[in-house]
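Let's take a look at this protein together, starting from a single side chain and then stepping back to the whole chain. Have the sequence and the 3D view ready.

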Amino acid sequence: MTIKIVAFGIAKEIIGMSEMELEMATASSTIGELRKNLEHDFPAFTSLASLKFAVKESYQSEAFELNNGDEVVILPPVSGG
């Protein structure tokens, strides 16, 4: 299954690009499994306090089932003042 990743902020810096395609090992995967893959491929993700994931313009939980061709947006923690 192929997932399109769109990254912003520090997530973009960690990956080294704003968009990429990621091949998942199984035909059905969750956001949680995607997160583990990202942490394996890009260990800097493990140091982030929180990450939000959006699919189809809605935030999704780690249990959300991904489909082939889904676009997953990674939204890193936001700080501001």
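Arg35 has a relative accessibility of 15%, so this residue counts as buried, because the cut-off for buried is under 20%. Keep in mind that you are looking at a predicted model. To find Arg35, go to helix 2, which covers residues 31-41.

Which residues is Arg35 in contact with, once its neighbours within four places in sequence are left aside? They are Leu48, Leu51, Phe53 and Glu62.

Now zoom out to the whole protein. Its secondary structure consists of 2 helices and 7 strands. Of the contacts with a separation of 6 or more, 51% are between residues 24 or more positions apart.

What about overall size? For 81 residues, a compact globule would have a radius of gyration near 12 Å, and the protein agrees, because its own value is 12 Å. Along the principal axes, the C-alpha atoms fill a box of roughly 40 × 25 × 20 Å.

Here are some whole-protein values side by side:

| Property | Value |
|---|---|
| Residues of the protein that count as buried | 38% of 81 residues |
| Accessible surface of the protein | about 4,900 Å² |
| Part of that surface belonging to carbon and sulfur atoms | 52% |

Finally, consider charge. The protein carries 6 positive and 12 negative side chains. The centres of these two sets lie 5 Å apart.

Methods. Residues are numbered from 1 along each chain as its sequence is written. This is a predicted model: local features need pLDDT of at least 70, side-chain atom pairs count only at pLDDT 80 or more; totals for chains, interfaces and linings use all residues. Side-chain values use heavy atoms; hydrogens and water are left out. Helices (H or I, at least four residues) and strands (E, at least two) are DSSP runs, numbered from the N terminus. The radius of gyration is taken over C-alpha atoms; the globule rule is 2.2 Å times the number of residues to the power 0.38. Buried means under 20% relative accessible area, exposed over 50%, partly exposed in between (1.4 Å probe, protein chains only). Contact means heavy atoms within 4.5 Å. Accessible areas come from the Shrake-Rupley method with a 1.4 Å probe; for residues, only the protein chains shown count as cover. Lys and Arg count as positive and Asp and Glu as negative; His and the chain ends are not counted. The place of a charge is taken as NZ of Lys, CZ of Arg, CG of Asp or CD of Glu.
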